[in-house]
Amino acid sequence: MLIKIAWRNIWRNPLRSLVLIAAIVIGVWALIFINGLSSGMVDGYISNAISNRTAHIQVHSLQFERDNEISHCYNGIPVEDFLNQSNKVQSYSPRIIVNSMMLASQSTLGATIIGIDSIAEDSVNPYKSKITEGKSFDSSIKYPILISEYLADKMKVKLHSKLIGNFQNKDGDIVAAKFRVIGLLNVAKGDGQEMNILTPIDGLRSLTGFEDTEVNEMAILMKDVEFISEFQQQLSERFTSLSIKNYKEIAPDINLMGIQIYLGLTVMLVIFMMALIFGIINTMLMAVLERYNELGMLMAVGMNKTKLFLMIVLETIFISIVGLPIGILMGSTTIYIYQQKGLQLDRWAKGLEEFGMTSVLYPQLSLTIYGIIAVSVFITALVAALYPARKVININPIDAINKL
Amino acid sequence: MKTDQPLIQALGIHKTYNHSHVPVQALDDVSIDIHKGEFTAIVGPSGSGKSTLLNIIGGLDHASRGKILIGGQDISNLSDSDLIDFRKNNIGFVFQSFNLIPVLTAIENIEFIMLLQGTSKAKRSKRAIELLNAVGLGDKLHSRPNQLSGGQQQRVAVARALASKPAFILADEPTASLDSQSANNLLDIMQELNQLEQTTFIFSTHDPRVMDRAERIIHLVDGNIEKDSYTNGNIKQPTLKQLP
Ligand SMILES: Nc1ncnc2c1ncn2[C@@H]1O[C@H](COP(=O)(O)OP(=O)(O)OP(=O)(O)O)[C@@H](O)[C@H]1O
Ligand SMILES: [Mg+2]
C-alpha cells in the first residue's frame, strides 16, 4: 500500500513530475550517447593500435627491450612451438627490426625496417589491405619494400623508386643495401608506424647475418583480449630470459585512453548527479509541503516516522527512476543506429587521423557503463530523498491539522 | 452504561503556550472522567480550550501539568514515537478536514489504518466494506475523496476512525465544515454507533444543534470547566443497521 500511495502521489501534479522525469530522460540519454561516442572513439583507437602497432603481446630479448640494438635477438623456434600448442593464440608474426638511415636521390631520413613473413604478418597486422598503390611482396624483386604514403612524400619517392638503406648488421658492422619500393601503405600518422618500412624477413636476415631461427620480436594476437594476461603469465614462466609485454605495457597511451573514458564518465556523472539532486529535492520539497496537512494527519492517526520516511523515500525513488528506462532505451537505440551506419566525422577527419583515429565513428557502450549510470541515478534519488523525508518526520501533527 | 473504572481520566490538566511573548493559558486545572460508552460534547466559545483538551486527551500534545490516564495507563510520559503507536492502537480520530489520503479510495483509506496495525488483507477489506456500509457509503467504496461530498468524506473518516477498533473516538469539530443536513446526518451515524456498539465518542463543537444531541455536555470557558451535565436530550431512535 505504501508503494501504491507513493506511486499515485507522483501523478498528483503530473506536470511537475513530468518536468523532472523529462530532465532525467534527457540527462540519461545524453550521458549514454556521449559516453558511447567517446567509448567508440577510444575503442577504435585501441583496436587500430593493436592491429597496426602492438598486437596483443610482444616478445623481445631483455636487452633489446632496453636498447633496441639489432644484435639482441633470440631463437624464435621454441617460442613458436609454444604458441602453436596453445588454442588461445589467433596468430603471431616473427620480426627483425633494424634502425636504418634511408637515402633517396633527394633526401635522407631515419626509419625502421621491419623484416616480416608476408603471410604471418598479415594475420597480425593486415598490411595488405592498406596497400594503396603497387602490390605486396613476390619473389621477382630483390629486397622489395612497402613504405607509407607519408614516408614516400617526405622522401620524395614514388612507386618503383630505389632507396638505399644504411644499417648495422648483427656483428655491428655497417652494411648498405638497395631496396625497391613496390607498394605504398595508407597508415594512420602520429603514432610512429608511418616511419616503418616492411620487407621480407629472409632478405633482411641475409643482409644482417641473422640465423634462420633468430628474431628480434614476436608479435602475438590472441583470440580474445580476455586471454592476454593469463597467457602473458604463462609465457613469462616458460621463457624467463625473454621480455613479455602486453599492449598496454608497450603503448601506455592505450591504457591512458581507457582511463580517460572512465574519467570523462565520472566527471559527467558527477555533474549530472549534482544537478539531479537539486532538481529532485526541489520537486519533492514542493510535493511534500503541499501535503503538509495530510502528512500530519497520517502521523496523528498513528503512522510512525519510519513508515512516513519510507513513503517519501519510495516516492522520490519512483519519480527519479521512471525516467531511467526511457532514457536508457533512447540512449541505446541512438547508439545502435549509429553503430549500424557509423557516425561520419568528416569535418574533423584531418584532426582525428592525426591522432591515429578513424573518421567514421562506431559508438558503443559496455553494459557496465549502463549499469553505472542506472545505479548512479538510483543513489542520487536515495540521497535526494533524505532531506524532504527528514522534513516530513519533523512535522508537528497538531500544526498540520489546524493549518487550514 | 457506565462502568466503575473510567475509560479516560484527565487529572489537573494545565496547558500554557509559551510560543508568543505573552504566555497563553489554554487550560487551567481541568479534571474529567469519561466512561466507556459515553457520547460527550465539549462546547464553549472560540479559544476556550476545546481543541487543546482533545489534543491532550488524544496524545497529540503534552499537558504542561497534570496526567492523562487511558484505561488506567498514564500516557503523559510516553515518548513521541510511543504516542504514535498508542494513538494507532487506542484512539480513533475525526478531524475537521484533511482526514483522508486523497490518492486512496474510500475503502483504501480505511484499509490503510488497519494495514498500519498489521491486519491481514482479507480481514481488512471485509471490515472496510462493513464499515462503509454502516456509514451509508456502501456504494462509494471506490470513490476518491475528491469525488465525495464534505459530509460523505466525514462519514468515511468516522468509518476510518472505527476501523482500528479504538477504545474511543475523538472528533474535533467534525461538523464545522458541513451544512446542517450533512451535520445532522453525521451525528445520526455517530449516535447509532454509540448506541449499538457502545463506542465512546468525545467531540467538540460550537454548533447548538449538534451539542443538543450529546448525552453529556462539558462547557469550557477560558480553560475551565464551567458546567458538566448529563442530558437525556433529543436522542433520536436510530434506524437500525447491523454493524461488525
Ligand atoms: N499552538 C498554539 N500556540 C499558542 N497559543 C495557542 C496554540 N493553540 C491554541 N492556542 C491558544 O490557546 C487557547 C485555546 O485554544 P483552542 O484551540 O484550544 O481553543 P478552541 O476552544 O478549540 O477554539 P475554537 O473553537 O476556535 O477551535 C486560545 O487562546 C488559543 O489562542
Ligand atoms: Mg478548536
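1. Let's start with ligand 1. The residues of its shell divide into 4 nonpolar, 8 polar and 2 charged. In this grouping Ala, Val, Leu, Ile, Met, Phe, Trp, Tyr, Cys and Pro count as nonpolar, Asp, Glu, Lys and Arg as charged, and the others, Gly among them, as polar.

2. Before going on, a word on the model: it is predicted, with local features needing pLDDT of at least 70 and side-chain atom pairs counting only at pLDDT 80 or more, while totals for chains, interfaces and linings use all residues. Residues are numbered from 1 along each chain as its sequence is written, chains are lettered from A and ligands numbered from 1 in the order in which they are written, and side-chain values use heavy atoms, with hydrogens and water left out.

3. Which residues come nearest to ligand 1? Of the 14 residues around the ligand, they are B:Ser46, B:Gly47, B:Lys50, B:Ser51 and B:Thr52. A residue is near a molecule if one of its heavy atoms lies within 4 Å of it.

4. Now look at the polar contacts (here, pairs of N or O atoms within 3.5 Å). B:Ser51 places a polar side-chain atom 2.7 Å from an oxygen atom of ligand 1. The backbone takes part too: an N or O atom of B:Gly47 lies 2.8 Å from a ligand oxygen, and a polar backbone atom of B:Gly49 is 3.0 Å from an oxygen atom of the ligand.

5. How much of ligand 1 does the protein cover? On its own the ligand has 630 Å² of accessible area, and the protein covers 66% of that. Such areas come from the Shrake-Rupley method with a 1.4 Å probe.

6. Strand S2 (24-34) and helix H1 (50-57) of chain B are the elements that give two or more residues to the shell around ligand 1. The largest share, 3 residues, comes from H1(B). Helices (H or I, at least four residues) and strands (E, at least two) are DSSP runs, numbered from the N terminus.

7. A:Tyr143 is not a glycine, yet has a positive phi of about 55°. A:Tyr143 sits in the loop between strand S5 (131-134) and strand S6 (144-148) of chain A. B:Lys165, also a residue other than glycine, has a positive phi near 50°. The loop holding B:Lys165 runs between helix H5 (150-163) and strand S7 (168-172) of chain B.

8. Are these residues buried or exposed? A:Tyr143 counts as buried because its relative accessibility is 17%, whereas B:Lys165, at 59%, counts as exposed. Buried means under 20% relative accessible area, exposed over 50%, and partly exposed in between (1.4 Å probe, protein chains only).

Technical notes. Polar contact = N/O pair within 3.5 Å; in protein donor to acceptor, adjacent residues only side chain to side chain.
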